[in-house]
Amino acid sequence: MHEPALRAAAFGSDPLPDPAVTRGAGTPRARLLAAIVLGAQGRYAAAAALLEVLRAGTDPLLASLAASTLAAHRRQLGGHREARALDGEAFAKAAHLDGGDPDPDGLDAAGARADALLGLAADNLALGRLRAARRLAARAGEEDARWRTRVRGGWVGAEIELAAGQGAAAVPHAERAFETARARGARRHAVKSGIVLAVALRAAGAPDHREISDALVGNAMATAEKCELLSLLWPAALVMADLRPGHAEEYRFRVAEVLHAVLRSADPCGRRIAGESPWVPVPGG
């Protein structure tokens, strides 16, 4: 009975459900959705507890989606090598699945394969394998063309171009992600898309890029605060520190506050990954 509310929190306009809804997730699919919501809130230990059970289950589709979701959470804490192993596992579990019933948010065989491929693209990008990242991102687009793959593919496409030093080429990818997420009413995805677009516009040196980027990240921060999306709040604050150097210390203090809360709610593996990551400014590190 909680699945519609959890789906709205994971992929829709209401990313802050009543806590009872998350605790009351009963079916395996509802538990997957609850883990997605918990991860977005930075509650990685609670999410991992749900996902590990699903990874070990007998349903290969849910096991694949659970592995991809856990990979995303590891990646959010800078654990790209750990994420790559999980994304590889996710693809192996989904590679030969039949189509089955299509899901509006891609929680089906094609969506699972696209999730794993995009995850692998992001992992390879972070590990300096730009060519492999491009190839994997293209394969994901061939696998699935629905809204969530378009959004996530836009993020990865923009990040690939930014890593290649091609800021102008990153903008169309980021714009596609932002426009798709907003059209879908996927608030959480729109928050991240706004951050990615802001970074791409600034890298491109577009006219009025500073003002536009400032507005995009400011809106992203406000929504992340309101909806308790801690996994997105600290990256947004980091970007804002660059955009507003006169207030950089204020934003970096907020980053430290949020990360402290996130790491208190992470499992031991997540805390270790964050502590070892060159990308995550661990409080007190």
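Q: Where is Asp123 placed?
A: Asp123 sits in helix α7. The model is predicted.

Q: Why is Asp123 called buried?
A: Its relative accessibility is 0%. Buried means under 20%. Asp123 therefore counts as buried.

Q: What makes the approach of Asp123 to Arg84 a polar contact?
A: The side chain of Asp123 reaches the backbone nitrogen of Arg84 at 3.3 Å. The cut-off for a pair of N or O atoms is within 3.5 Å. The value of 3.3 Å meets that cut-off.

Q: Which residues does Asp123 contact, leaving aside neighbours within four places in sequence?
A: They are Arg75, His80, Ala83, Arg84 and Asp87. Contact here means heavy atoms within 4.5 Å.

Q: What does Asp87 touch beyond four places in sequence?
A: Asp87 is in contact with Ser68, Ala71, Arg75, Ala116, Gly119, Leu120 and Asp123. Arg75 is also among the contacts of Asp123.

Q: How do you know whether Ala94 is buried or exposed?
A: Ala94 is another residue of helix α6. Its relative accessible area is 0%. With the limit at under 20%, Ala94 is therefore buried.

Q: What lies around Ala94?
A: Not counting residues up to four places away in sequence, Ala94 touches Ser64, Ala112 and Arg113. Its C-alpha atom is separated by 8.6 Å from that of Ala116, 22 residues apart along the chain.

Q: What makes Phe11 and Trp147 an aromatic pair?
A: A search of the whole structure finds one aromatic pair. In that pair, Phe11 and Trp147 are 6.3 Å apart, centre to centre. Ring centres must lie within 6.5 Å. The distance of 6.3 Å passes.

Q: Why is the pair called edge-to-face?
A: The angle between the planes is 80°. Over 60 degrees counts as edge-to-face, so the label follows from the 80°.

Q: What parts of the chain does the pair link?
A: Distant ones: Phe11 is in helix α1 (residues 3–11) and Trp147 in helix α9, 136 residues apart.

Q: What is noted about phi at Glu228?
A: Phi of Glu228 is near 60°. That is a positive value in a residue other than glycine. Most residues other than glycine have a negative phi.

Q: Why is Glu228 not called buried or exposed?
A: Glu228 lies in the loop between α12 (209–227) and α13. Its relative accessibility is 43%. Buried needs under 20% and exposed over 50%. Glu228 therefore counts as partly exposed.

Q: How do you know whether Pro15 is buried or exposed?
A: Pro15 is in the loop between α1 and α2 (19–23). Its relative accessible area is 3%. That is under 20%, so Pro15 is buried. Its contacts beyond four places in sequence include Ala8, Val37, Arg187 and Cys227.

Q: Which residues does Val255 contact, neighbours within four places aside?
A: Val255 is in contact with Trp234, Ala237, Leu238 and Pro281.

Q: What lines the largest pocket?
A: The lining has 45 residues, of which Arg75, Gln76, His80, Glu159 and Lys192 lie nearest the centre. By class, 27 are nonpolar, ten polar and eight charged. The volume is about 1500 Å³.

Notes. Residues are numbered from 1 along each chain as its sequence is written. This is a predicted model: local features need pLDDT of at least 70, side-chain atom pairs count only at pLDDT 80 or more; totals for chains, interfaces and linings use all residues. Side-chain values use heavy atoms; hydrogens and water are left out. On a 1 Å grid over the protein atoms alone, a cavity is a set of points where a 1.4 Å probe fits but cannot get out, and a pocket is an open set with protein on both sides within 12 Å along at least five of seven lines; lining residues have an atom within 4 Å of a point. Grid points are joined across faces, edges and corners, and a volume is the space filled by probe spheres set on the points. Ala, Val, Leu, Ile, Met, Phe, Trp, Tyr, Cys and Pro count as nonpolar, Asp, Glu, Lys and Arg as charged, and the others, Gly among them, as polar. Helices (H or I, at least four residues) and strands (E, at least two) are DSSP runs, numbered from the N terminus. Buried means under 20% relative accessible area, exposed over 50%, partly exposed in between (1.4 Å probe, protein chains only). A polar contact is a pair of N or O atoms within 3.5 Å; within protein, one must be able to donate a hydrogen and the other to accept it, and residues adjacent in sequence count only if both atoms are side-chain atoms. Rings of Phe, Tyr and Trp (its six-membered ring) pair if their centres lie within 6.5 Å; planes under 30 degrees apart count as stacked, over 60 as edge-to-face and the rest as tilted.
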